[in-house]
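The structure is shown first, and the findings follow.

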Amino acid sequence: MKLLLICFLSLMPFYGLGQVTLEVQPALDILDDFDKIRDFTMDTDGKESYFTIQSPNEEVSVIAKSIKIDGVWVKPKIASFSGKYKDLEPFLSPDGLRLYFVSNRPLDNASSHPKDFDIWYVQRNSSKSNWSAPINLGAPINTEHNEFYPAVALNGNMYYTCDCPGALGRDDIFFSSYQNQSYSAPVSLGTGINTDGFEYNAFIAPDESYLIFGGYNREDGRGSGDLYISFKEKDGDWGKATPLPAPINSKYMDYCPFVDPKNDVLYFTSRRSQEPGTTMVSMEVLLDYLNSYENGGSRLYKTQFDIMSLK
């Protein structure tokens, strides 16, 4: 399935380059048949990827894997550690030896009853090794509340979403530093990022120079959920977040960012829907529209541009 969305924008506030063309397109052809894809992570070599595949009402939520062979992504398979419980939001550590994810699985095999959503991880000795059994990240990050969307910097510092006490709003982006092989007490990031509404789905740059995250129904957004970026300032504080430009952000739900910094590619999920453009004169025309990539389903997109040019 081929689709290309091109938007000519005057991005002087962002780039200082006048007219710039941004192209947003489907990310992986192998995902065309799935109407509900969300979350994406990839190793630094661009040859191993993980993503979430869900049923329409999310009764089923599994983490799947695809590898690239001879430049082509192969048909996805369910990850070795997924398939029984609701698993989502995978994130590969920068060294590729640990994969964090979110799950409602019980803490041990003695119970079969799902719990609240926690952050878990699997690990391996090398990129060719099998993943371990899932390990709960534990306190102080996991609590009796829900933890979502883990992202880890090169130094091990973790950023994630939580509806925990101490949040400025309904959901906040939290931070926990990694020191001496353990995590510190998490803190909600400041008002440059969090508001009294919903903030979620944070991607942290490997060097912690910027943070991209989702914000819901903000006054400066384009509608529904939008992607925002904040840069770390010299004093260590996070600067006031600004929305990413169109056509990355749309009037539909845009969320779940992941950046391939080596190739300046932003991956994200969107529920955008194309205008029909024609009268539904037959069932064939209707089905063609309903089965198109931009049909309002949760789809994975990508766009190439220099994130740091926004600074």
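How far apart are the sulfur atoms of Cys-162 and Cys-164, which form a disulfide? In this predicted model, the sulfur atoms of the two residues lie 1.6 Å apart.

## The disulfide

The structure holds one disulfide, and Cys-162 and Cys-164 are its partners. A disulfide is a covalent bond between the sulfur atoms of two cysteines. The torsion about the S-S bond of Cys-162 and Cys-164 is about 85 degrees, so the disulfide is right-handed.

Both partners are covered by protein. Cys-162 has 0% relative accessibility and counts as buried; Cys-164, at 10% relative accessibility, also counts as buried, because the limit for this class is under 20% relative accessible area.

## Cys-256

The closest cysteine sulfur to that of Cys-256 belongs to Cys-162, at 17 Å. This separation is too far for a bond, because a disulfide requires a pair of cysteine sulfur atoms within 2.5 Å. Cys-256 is itself buried, its relative accessible area being 1%.

## The nonpolar surface patch

Met-283, Leu-287 and Leu-290 make a nonpolar surface patch of about 280 Å². Of these residues, Leu-290 is placed in helix α2, which covers residues 283-290.

The relative accessible area of Leu-290 is 42%, and the residue is therefore classed as partly exposed.

Technical notes:
Residues numbered from 1 in each chain as written. Predicted model: local features only at pLDDT ≥ 70, side-chain atom pairs only at ≥ 80, totals over all residues. Heavy atoms only, no water. Patch = residues over 30% accessible without salt bridge, like charges linked within 9 Å, V, L, I, M, F, W, Y side chains within 5 Å. Areas by Shrake-Rupley, 256 points an atom, 1.4 Å probe, with all protein chains shown as cover. Salt bridge = Lys/Arg side-chain N within 4 Å of Asp/Glu carboxyl O. Helix = DSSP H or I, 4+ residues; strand = E, 2+ residues; numbered from the N terminus. Buried < 20%, exposed > 50% of the residue type's maximum accessible area, 1.4 Å probe, protein only.
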